[in-house]
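Subject: Structure handover, pockets and ligand site

Hi there,

Here is the structure I promised to send over. Have a look at it first, and then read on for my notes on what turned up in it.

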Amino acid sequence: MTEKPADYLAANGFESKTPFLIGVAGGTASGKSTVCQRIMEKLGQQHKEQTERRVVCISQDSFYRTLTPSERLRAERGQFNFDHPDAFDDKKLLAILKDILAGKKVEVPEYDYITNSISSHRSHTIYPADVVLIEGILVFYFPEVRDLFHMKLFVDTDSDTRLARRVPRDIMERGRDLEQVLNQYMNFVKPAFEEFCLPTKKFADVIIPRGADNFVAIDLIVHHIWDIMYKKRPAQKVVNGNCNGTHLEVD
Ligand code: UZR
Ligand code: MG
């Protein structure tokens, strides 16, 4: 390849000074978070201090909107559709992604699945990084958000595998009982997946069959990110007091 870094970056639609934004979509329990974790692990980022990380991951769950009192009651009875696009605050997600692209430090709220709400006192700070992964069932649904990604991955795992994972996860980690989980799945999760999530697969640049078990696909993606982080990016000094002056160099 004779392409110069700047040409490569321009051809791929992003400017050298902005982070490389990767969207990771897929059905519930498809392995989106695990794919992101594997990518971070392979890049040696998992055990770094937050301020030192060059690759960070954000979940779309942090952008569930605050429910009205009556919606909250429905949520407690398992009658609120958390898989519908209306359940999200897409404007807030868009604003935060724009800030990230502008190289700003942002605060991302933490979501609590037990109370079905954003924690009012817990959030985490995302410092400027080279690569930012955004994972969630509907990250490709909102056109303005979708258009911001430099790379789009869709984690494509069979529905039965996803259901088999979702049931124990909801019971053990999210405080639900079996009947509630299955009702919610049949009434909301499955139909919303088919109506809103699956049609966004066509926007993906890379489809990852079998999800996090697909080591070959993850390796290929990691190599691409590695290139961006260590080879293709021009030297850049992130000017931010909290970022410890991360310095990236061309080899
Ligand atoms: P993933 N979800 C909850 O179960 N409770 C909430 O308060 C908010 C979201 C679920 C949501 C969706 N659906 O299927 C899932 N329900 O989180 C998305 N019901 O998360 O992609 O990790 O499966
Ligand atoms: Mg998840």
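Ser59 is a buried residue, because its relative accessible area of 19% falls under the 20% cut-off for that class. This is a predicted model, so please read everything below as a description of computed coordinates. Ser59 sits in strand β2, which covers residues 55-59. A polar atom of the Ser59 side chain lies 3.1 Å from the backbone nitrogen of Asp61.

**The largest pocket**

The largest pocket holds about 1,200 Å³ of space. It is lined by 48 residues, and those closest to its centre are Ser33, Ser59, Asp61, Tyr113 and Glu135.

Helix α2 gives the largest share, with 6 residues.

Ser33, another of the residues closest to the centre of the largest pocket, belongs to helix α2. Is Ser33 buried or partly exposed? With a relative accessibility of 38%, Ser33 counts as partly exposed, since that class lies between the 20% and 50% limits. Its side chain makes a polar contact of 3.4 Å with the side chain of Glu135, and Glu135 is also in the group closest to the pocket centre. Ser33 and Ile58 are 25 residues apart in sequence, while their C-alpha atoms are 9.4 Å apart in space.

**The ligand**

- Lys32: a polar side-chain atom lies 2.6 Å from an oxygen atom of ligand 1.
- Ala29: a polar backbone atom is 3.2 Å from an oxygen atom of ligand 1.
- Arg174: a polar side-chain atom is found 3.3 Å from an oxygen atom of ligand 1.

Taken alone, ligand 1 exposes 500 Å², and the protein buries 98% of that.

**Two backbone angles to check**

Most residues other than glycine have a negative phi. Ala29 has a positive phi of about 55 degrees although it is not a glycine. Ala29 lies in the loop between β1 (20-26) and α2, and it counts as buried because its relative accessibility is 9%. This is the residue whose backbone has a polar atom 3.2 Å from an oxygen atom of ligand 1.

Asn116 also has a positive phi, near 55 degrees, and is not a glycine either. Its place is in the loop between β3 and β4. Asn116 is buried as well, with a relative accessible area of 12%.

Rolling a probe the size of a water molecule over the atoms shows where empty space is left. How many cavities of 30 Å³ or more does a search of the whole structure find? The search finds 2.

The largest cavity contains about 50 Å³ of space. Gly27, Thr28, Asp83, Ile137, Leu138, Val189, Ala192, Phe193 and Cys197 line it, which by class gives 6 nonpolar, 2 polar and 1 charged residues.

**One more contact**

Finally, take a look at Arg54, in the loop between α2 and β2. Arg54 counts as buried because its relative accessibility is 12%. The side chain of Arg54 makes a polar contact of 2.8 Å with the side chain of Asp130.

Over to you, and enjoy looking around!

Best wishes

Terms used
Residues are numbered from 1 along each chain as its sequence is written. Chains are lettered from A and ligands numbered from 1 in the order in which they are written. This is a predicted model: local features need pLDDT of at least 70, side-chain atom pairs count only at pLDDT 80 or more; totals for chains, interfaces and linings use all residues. Side-chain values use heavy atoms; hydrogens and water are left out. On a 1 Å grid over the protein atoms alone, a cavity is a set of points where a 1.4 Å probe fits but cannot get out, and a pocket is an open set with protein on both sides within 12 Å along at least five of seven lines; lining residues have an atom within 4 Å of a point. Grid points are joined across faces, edges and corners, and a volume is the space filled by probe spheres set on the points. Ala, Val, Leu, Ile, Met, Phe, Trp, Tyr, Cys and Pro count as nonpolar, Asp, Glu, Lys and Arg as charged, and the others, Gly among them, as polar. Helices (H or I, at least four residues) and strands (E, at least two) are DSSP runs, numbered from the N terminus. Buried means under 20% relative accessible area, exposed over 50%, partly exposed in between (1.4 Å probe, protein chains only). A polar contact is a pair of N or O atoms within 3.5 Å; within protein, one must be able to donate a hydrogen and the other to accept it, and residues adjacent in sequence count only if both atoms are side-chain atoms. Accessible areas come from the Shrake-Rupley method with a 1.4 Å probe; for residues, only the protein chains shown count as cover.
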